[in-house]
Amino acid sequence: MKQLLIDHTPFHIAKMTISEAKVSGDGRMRITGKLQESGVKNGNGRVYPPEVLKKQVEMYAKGPVAQNTAMGELDHPESTIINLNNVSHLINKVWWEGNDVMGMLTLLNTPSGKIAQEIILAGIPLGISSRGMGSVKQIGETVEVQDDFELLCWDLVSVPSTPGAYMSLSESKQRQEGKDYSKVNSLITEIICTTTGACPLC
């Protein structure tokens, strides 16, 4: 039976992001990083076989990416439908580097996209989360995703389930970051007050 599968990965942002964002003609920030990995057990105990993920990534590139509809949301949506009110980014390109699925994302000037931009500029690490439908099979201590898997999108998330080093945008080097939720909350509050005029603290 198919079920909603959501798996998180730390998003290592490439060094060139800030300089490209500043000179971008449309004024939108673009980030590049690892979206997902095949053949390796993730933080949820699931493994995506290379042949399963490669088929879906190819279909995603020829479908939503080519049609300019490869949108994703901010934080942890648990639905098979992309909520346009929460769209934060558009995936412009996907490709493979070894077992890693890489991607280039444009952060949109939507409320959720602006929150993501401010979080990144503040040096707060983000994760990336795949969202799809499929069945799984227990093989020993591993849960293997089956070939009926259908990739829906990748979302930006606050706390990835897989621990690891993050790329700092300002220093361009790997470092461990603590979970400072106060920074995230203050940034979200500031953006809501600025964009909507309805400040939850007022």
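The talk below goes through the terms used for this structure.

Tutor: This is a predicted model, in which local features need pLDDT of at least 70 and side-chain atom pairs count only at pLDDT 80 or more, while totals for chains, interfaces and linings use all residues. Residues are numbered from 1 along each chain as its sequence is written, and side-chain values use heavy atoms, with hydrogens and water left out.

Student: How many helices and strands does the protein chain have?
Tutor: The chain has four helices and 12 strands. Both are DSSP runs numbered from the N terminus, with at least four residues of H or I for a helix and at least two of E for a strand.

Student: Why is Arg-46 called buried?
Tutor: Buried means under 20% relative accessible area, exposed over 50%, and partly exposed in between, with a 1.4 Å probe and protein chains only. Arg-46 has 15% relative accessibility, so Arg-46 counts as buried. Of the 202 residues of the chain, 44% are buried.

Student: What does Arg-46 touch?
Tutor: Arg-46 lies in strand S3. Leaving out residues up to four places away in sequence, its contacts include Leu-5, Asp-7, Lys-41 and Val-136; contact means heavy atoms within 4.5 Å. Arg-46 and Val-136 are 90 residues apart in sequence, with 8.4 Å from C-alpha to C-alpha.

Student: What makes a set of residues a nonpolar core?
Tutor: The members are buried Ala, Val, Leu, Ile, Met, Phe, Trp, Tyr and Cys residues joined through side-chain atoms within 4.5 Å. The largest such core here has 30 residues, and Tyr-60, Ile-91, Phe-149, Trp-154 and Leu-156 touch the most other members. Among the elements that each supply at least two residues are helix H2 (50-65) and strand S10 (150-157). H2 gives the most, with five residues.

Student: Which residues of H2 are buried?
Tutor: They are Val-52, Leu-53, Gln-56, Val-57, Tyr-60, Gly-63 and Val-65. Their cover includes S2, S4, S5, S6, S9 and S10.

Student: How many aromatic pairs are there?
Tutor: There are two. In one of them, the rings of Tyr-48 and Phe-149 have centres 5.2 Å apart and planes at 75°, so this pair is edge-to-face. Rings of Phe, Tyr and Trp (its six-membered ring) pair if their centres lie within 6.5 Å; planes under 30 degrees apart count as stacked, over 60 as edge-to-face and the rest as tilted.

Student: What about Tyr-60 and Trp-154?
Tutor: Their pair is edge-to-face too, at 5.3 Å centre to centre and 85° between the planes. Tyr-60 is in helix H2 and Trp-154 in strand S10, so the pair ties together parts that are 94 residues apart in sequence. Both residues are buried.

Student: How do you know that Lys-93 sits over the ring of Trp-95?
Tutor: A charge sits over a ring if NZ of Lys or CZ of Arg is within 6 Å of the ring centre and within 35 degrees of the ring normal. The charged end of Lys-93 is 5.2 Å from the centre of the Trp-95 ring and sits over it. Lys-54 lies over the face of Trp-96, at 5.7 Å from the ring centre.

Student: Where is Asn-86 found?
Tutor: Asn-86 is in the loop between strand S4 (71-73) and S5. A polar atom of the Asn-86 side chain lies 3.0 Å from the backbone oxygen of Leu-74.

Methods
A polar contact is a pair of N or O atoms within 3.5 Å; within protein, one must be able to donate a hydrogen and the other to accept it, and residues adjacent in sequence count only if both atoms are side-chain atoms.
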